Structures are given as C-alpha cells and as structure tokens.
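Hi,

Here is the structure I said I would pass along.

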Amino acid sequence: MTMDGEEDSDGITSSGRIRDKLIEAKQDWAREGRLLTGTVADPARDRLPPGQTLVRDWPVLDLGIQPNVPREKFRLDFDGALENRISLSLDDFMALPQAESVSDIHCVTQWSRYDNRWKGVAARTLLDLVRPMPEARHVVFHSHDGYTTNVRLDQFDQPDVLLVHEWEGKPITRQHGGPVRVLMPRLYLWKSAKWVRRIQFTISDRPGFWELRGYHNNGDPWSEERYS
Ligand SMILES: Nc1nc2c(c(=O)[nH]1)N[C@H]1C(S)=C(S)[C@@H](COP(=O)(O)O)O[C@H]1N2
Ligand SMILES: [Mo]
C-alpha cells in the first residue's frame with residue numbers, strides 16, 4: 001500500500017491514511033458477531049436482507065487510501081488460469097460491448113441502497129474474451145489501494161455482475177472506486193472491489209483482505225453470511 005503522495009509501480013498516487021481504527025473495529029464486529037439477527041430472508045419476497053437498514057445517500061467505505069487513477073494511466077489485467085491473458089487500457093475497456101443494469105447494494109456494516117443505475121461491461125463479456133481454463137475455480141480482485149477480495153468463478157459468472165464505470169449516468173467518482181470498479185450485487189459490497197487493477201483466476205481459493213479478518217468467504221446478504 002502507498003502513502004499520501006507516493007507513486008506506486010503504475011505511477012498512481014493516492015491520498016489518505018490507512019484507517020487502522022476502523023479496520024480494528026470491523027475485526028471486533030466479526031469476532032463478536034455484531035448485527036447478526038439469525039434469520040434468513042427470501043430475495044423473491046423481501047427487498048431488505050436481514051439486519052439491514054435502508055439509506056438514501058451512498059456512503060463511502062474503504063481502508064482510507066483513495067487512489068487517483070488518471071484515465072490515461074488506467075490498466076486492467078486478467079491473469080492466472082486463463083487461455084487468453086489480457087491487459088486493457090480504458091479505451092480498450094470502453095470499446096467492449098456495454099451493459100446497463102439497476103440493482104440494490106448491501107454493505108455488511110448494515111446499510112442498503114436501492115435502485116442504483118449502473119453502466120459497464122458484463123463479467124460474461126470479459127469471460128468470453130479471457131476464457132478461463134477448465135481447472136479455474138476462483139477469482140481474486142486486486143486493487144490499487146492494496147485491497148483484495150475473493151469470489152468463486154461461478155459467482156463472478158453471473159448475468160448481473162458488471163465492471164462498472166457509470167452510476168446514475170455519471171462516471172463513477174474516485175471516492176466510489178472510479179474509473180472502474182467491480183459490482184457483484186448479490187453479495188455484500190465488500191466483494192465489489194473499487195479501483196480494480198487486476199483480476200486473477202486461480203485453481204485454489206485465496207482469501208482477501210476482509211476474508212482473512214473474520215469476514216465470510218461467501219458473503220450472501222440473504223443468509224447473513226457476514227462473518228466466518
Ligand atoms: N479497493 C477497495 N475496494 C473496496 C473496499 C476497499 O477498502 N478498497 N472496501 C469494500 C467495502 S467494505 C465496501 S462496503 C464497499 C464500499 O463501496 P463504496 O465506498 O462505493 O460505498 O467497497 C468495497 N470495495
Ligand atoms: Mo463494507
């Protein structure tokens with residue numbers, strides 16, 4: 001992770017400080033099983049997953065370091081167990097078929113926000129391009145702030161998973177992970193990596209930042225998979 005003003009190996013600078021207190025507090029939540037209601041909700045019937053509270057604004061949540069990724073320096077690499085490893089510039093990414101969707105988002109710290117309008121490239125469009133090898137089972141997102149998070153390949157390979165660059169008709173702001181972030185609306189939002197730099201396809205599972213700190217490997221809000 002880089003500090004204020006320092007450049008990483010891509011020439012990207014960041015501002016802010018690692019929020020150690022917040023990270024500790026969230027680890028304590030996991031240890032104590034905070035916010036758990038012990039119930040299961042049905043996405044076909046209920047709109048709000050168990051233990052969630054509806055918000056109208058869109059809160060910002062991250063480790064405290066916000067990379068500034070200029071559009072001309074943007075790169076997105078797909079590597080690991082793939083037939084076709086690629087590295088995209090922002091122009092390459094924007095030239096791919098575009099998809100739009102509306103979805104609700106659910107953060108493990110309890111807030112949910114309805115009806116977010118997104119534009120980006122569908123995960124399935126990218127999977128067609130990179131062609132995972134038959135033994136690939138897992139995906140790790142690596143971000144410019146040093147954050148990582150893991151999902152199963154079958155969770156990434158869903159029609160509503162997008163790499164988004166617009167929210168409500170405007171470019172995703174830096175605070176929310178622009179120019180491009182992951183969106184996996186069926187999982188808690190910590191699985192949706194902001195400032196994504198690299199998408200790695202693996203044979204074995206590799207827990208990410210929060211998954212190593214007491215958070216659930218799967219992260220389904222409907223069955224309250226908050227903590228491991
Ligand atoms: N790169 C990166 N992505 C991240 C995080 C982070 O710290 N760094 N935090 C995660 C968490 S815990 C949440 S709740 C969402 C918050 O996204 P938002 O700030 O756009 O609401 O981003 C997720 N993706
Ligand atoms: Mo979160």
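Let me start with the ligand: ligand 1 sits in the largest cavity. Bear in mind throughout that this is a predicted model.

How many residues surround ligand 1? The answer is 21, and the closest of them are Pro59, Asp145, His176, Arg181 and Lys194. Sorted by class, that shell is made up of 13 nonpolar, 3 polar and 5 charged residues.

Lysine 194 puts a polar side-chain atom 2.5 Å from an oxygen of the ligand. Tryptophan 58 also uses its side chain, with an N or O atom 3.0 Å from a ligand oxygen. With leucine 63 it is the backbone that takes part: one of its polar backbone atoms is 3.0 Å from an oxygen of ligand 1. As for how much of the ligand is covered, ligand 1 would expose 530 Å² if taken alone, and the protein buries 99% of that.

Next, the charged pairs. Side chains of opposite charge can pair when their charged atoms come close. Counting salt bridges with a cut-off of 4 Å between the side-chain nitrogen and the carboxyl oxygen, I get 14.

Finally, two bits of backbone geometry for you to check by eye:

- Glycine 178 and proline 179 are joined by a cis peptide bond, with omega at about 10°. Proline 179 is found in the loop that runs between β11 (170-171) and β12 (181-183).
- Glutamate 168 has a positive phi, about 55°, despite not being a glycine. You'll find glutamate 168 in the loop between β10 (162-167) and β11.

That's what I have for now.

Cheers

Notes: Residues are numbered from 1 along each chain as its sequence is written. Chains are lettered from A and ligands numbered from 1 in the order in which they are written. This is a predicted model: local features need pLDDT of at least 70, side-chain atom pairs count only at pLDDT 80 or more; totals for chains, interfaces and linings use all residues. Side-chain values use heavy atoms; hydrogens and water are left out. A residue is near a molecule or strand if one of its heavy atoms lies within 4 Å of it. A polar contact is a pair of N or O atoms within 3.5 Å; within protein, one must be able to donate a hydrogen and the other to accept it, and residues adjacent in sequence count only if both atoms are side-chain atoms. Accessible areas come from the Shrake-Rupley method with a 1.4 Å probe; for residues, only the protein chains shown count as cover. On a 1 Å grid over the protein atoms alone, a cavity is a set of points where a 1.4 Å probe fits but cannot get out, and a pocket is an open set with protein on both sides within 12 Å along at least five of seven lines; lining residues have an atom within 4 Å of a point. A molecule sits in a cavity or pocket if more than half of its atoms lie within 2 Å of its grid points. Ala, Val, Leu, Ile, Met, Phe, Trp, Tyr, Cys and Pro count as nonpolar, Asp, Glu, Lys and Arg as charged, and the others, Gly among them, as polar. Helices (H or I, at least four residues) and strands (E, at least two) are DSSP runs, numbered from the N terminus.
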